[in-house]
Amino acid sequence: MSNQGPKTLFDKIWSEHLVGQREDGTNLLYIDRHLVHEVTSPQAFEGLKLSNRPVHRPEATIAVADHNVPTINRQNIEDPQSKIQVETLAKNTKEHGIQYFDLMDQRQGIVHIIGPEQGITQPGMTIVCGDSHTSTHGAFGALAFGIGTSEVEHVLATQTIVQNPAKNMRISVNGELPFGVNSKDLILYIIGKIGTAGGTGHVIEYAGSSIMGLSMEGRMTICNMSIEAGARAGLISPDQKTFNYIKGRPYAPGTEHWDQAVEYWSSLPSDNDANYDHEIVIDSSEIDPMVTWGTSPEDVVSVKGTVPNPSSAKTENKKKSIERSLEYMGLKPGTKITDIKLDKIFIGSCTNGRIEDLRKVASIVKDKKIASHVQAMIVPGSGLVKKQAEEEGIDIILKDAGFEWREAGCSMCLGMNPDQLKPGERCASTSNRNFEGRQGRGGRTHLMSPELAAASAIIGNISDIRDFT
Amino acid sequence: MDKFHSLKGIAAPLPIVNIDTDMIIPKQFLKTIKRTGLGVSLFYEMRYDNDGNLIKDFVLNTSPFDQSKILVAGDNFGCGSSREHAPWSLKDFGIRSVISTSFADIFYNNCFQNGILPIVVSPENLDHLMTAAKNQIEFTIDLPEQIIKAGNHSINFEIEEFRKERLLQGLDDIGITLGYQDKINAYEEEKKNKKPWLFKKN
């Protein structure tokens with residue numbers, strides 16, 4: 001990448017954070033903010049201890065427990081291992097002087113929800129976390145990516161990471177989104193189009209009028225699932241909407257630096273004639289509400305569609321993969337998606353656990369009841385999302401409709417806590433991964449938007465929001 | 001970190017595409033605060049039934065593949081979560097090299113942090129190696145020469161020079177970076193002036 005000529009948003013953030021080159025030819029990239037949670041950090045802190053290394057800049061790190069935490073009866077974590085992990089995070093952060101939002105703190109929540117909510121996430125930053133969905137923060141024009149535990153240790157010790165530049169990909173989505181189609185449908189459609197390895201080695205910049213027309217919440221949903229397309233990160237150019245969202249939040253720049261920050265942020269969007277290694281253009285009118293049928297996020301189909309037939313696969317590998325997925329999912333080729341009967345509904349996760357998502361669900365299920373055979377659970381992304389929803393009366397609407405109203409956490413997105421599917425149970429989920437066993441051994445996950453999940457909860461089958469009244 | 005120079009042994013064939021990190025090591029094993037002891041839980045849901053009994057026909061449960069040091073797998077190996085528990089569990093089982101046509105970025109990186117060599121080969125070569133693995137032909141992986149040998153096949157592979165050196169010498173990455181502490185401090189001083197809001201304590 002040259003320093004001259006037009007630059008992409010990624011190029012600009014990259015060069016701004018380059019500390020230098022090591023003798024082995026690798027680049028040291030400075031990390032502005034490091035988010036830490038209980039599952040991928042204990043071994044990193046242990047490593048520091050063993051080599052007697054301090055944390056380089058404790059105030060650049062913020063920690064929260066989210067993966068393991070119960071969503072009911074939080075005072076008492078029953079699983080002894082989960083309990084130890086949460087306690088270990090509290091102990092490690094205290095020892096190193098790192099800010100920690102504990103379980104009783106209203107600011108506690110899913111790490112990728114609270115970053116933006118607290119104003120920690122800002123344009124032009126580099127942000128890392130030992131979690132692949134760190135890509136969420138790219139919605140603010142921050143270069144944000146998931147790292148492994150050894151890298152967590154590296155960042156704690158040095159505030160840098162060893163990286164080589166990614167390739168630039170731009171996905172432009174243009175036009176007004178059709179009725180019933182929103183950010184989740186958009187990103188599922190994109191993953192279906194480019195595949196789960198389509199973005200490997202790339203940072204995907206999302207652009208175009210459909211993307212820029214989304215709310216910040218909608219943009220976060222898009223960037224969140226960039227990792228499901230194999231990308232290192234997702235990025236969206238910051239604009240006035242971004243600045244408005246950040247202003248006044250606890251960790252946002254204060255009035256003394258606000259104008260200076262906005263001026264810098266305004267210089268970040270990609271230059272008009274910047275070069276991309278890969279360009280994809282999508283017309284949003286071709287997108288329907290989307291649902292996954294299989295065990296990979298690329299296994300998507302329109303809610304109006306049918307379960308695919310393995311015999312239509314282009315390669316032998318793909319055929320085998322479809323057969324394996326269908327067997328796991330207990331589905332027959334040709335079945336109409338809206339004929340698929342559900343057992344559970346999960347609304348939440350770092351993909352769709354924000355206030356806007358909860359409002360949409362409430363507006364759909366208001367004065368209705370969930371189907372009698374369905375169990376539906378709603379897990380706000382953070383304590384503050386929960387509080388806001390309660391202030392707006394959303395919790396009452398949801399509870400009246402038959403939803404369980406839980407405390408904040410990752411919950412059934414990955415089922416590390418007691419919220420899990422039983423073998424064979426089928427779930428409409430607003431989360432991000434439909435892998436085998438993801439939500440519980442033998443559990444069957446259909447990824448979809450909060451709107452579709454809400455309509456599906458009422459009908460009891462996967463449902464098209466466009467047919468729902 | 002453990003060094004990696006060369007490796008000899010049979011390879012376990014796992015002809016499945018998109019093997020994700022949830023498959024490699026399911027969530028219930030992420031509650032550990034240690035890096036070791038995960039080998040027994042590697043590929044848990046494919047290896048054990050609902051009652052925790054070994055599923056006899058799963059490749060890693062059959063002799064001689066239960067002693068494999070090498071895994072040959074389908075496209076996009078290691079996709080999904082960033083959990084380093086995936087390479088930890090592979091290594092604890094005894095796997096020191098994974099061969100596929102492609103790897104997810106974070107998993108690929110995580111391997112090198114743990115002395116595991118992920119090797120990218122072409123789809124044609126993967127087919128050859130998958131067959132050789134099924135036939136229990138001995139593999140030799142030579143990192144200095146960047147060659148995999150399996151029966152009559154000899155396949156060259158690419159690897160970035162710094163990654164190769166780190167594996168060969170078992171280097172401590174953090175130790176290397178701490179050698180650049182002055183540069184990091186100087187960077188911070190410069191940015192404190194340019195972007196003061198990033199350094200203001202809350």
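This is a predicted model: local features need pLDDT of at least 70, side-chain atom pairs count only at pLDDT 80 or more; totals for chains, interfaces and linings use all residues.
1. Helices here are DSSP runs of H or I, at least four residues, numbered from the N terminus. After α13(A) comes A:D367, with a positive phi near 60°.

2. Now the cores. A nonpolar core is a set of buried Ala, Val, Leu, Ile, Met, Phe, Trp, Tyr and Cys residues joined through side-chain atoms within 4.5 Å. The largest one has 111 residues, and A:F403 and B:F43 are among those with the most contacts inside it. Another core, of 98 residues, lies apart from it and includes A:L103 and A:M220.

3. Have a look at B:F43 itself. Beyond its neighbours within four places in sequence, B:F43 is in contact (heavy atoms within 4.5 Å) with residues including B:L14, B:F58, B:F77 and B:L90.

4. On to where the chains meet: 63 residues of chain B and 83 residues of chain A take part in the contact. There are 11 salt bridges between chain B and chain A, each a side-chain nitrogen of Lys or Arg within 4 Å of a carboxyl oxygen of Asp or Glu. B:K195 pairs this way with A:E16, the closest N and O atoms being 2.9 Å apart.

5. A word on conventions: residues are numbered from 1 along each chain as its sequence is written. Local features need pLDDT of at least 70, and side-chain values use heavy atoms.

Definitions and conventions: Chains are lettered from A and ligands numbered from 1 in the order in which they are written. Buried means under 20% relative accessible area, exposed over 50%, partly exposed in between (1.4 Å probe, protein chains only). Helices (H or I, at least four residues) and strands (E, at least two) are DSSP runs, numbered from the N terminus.
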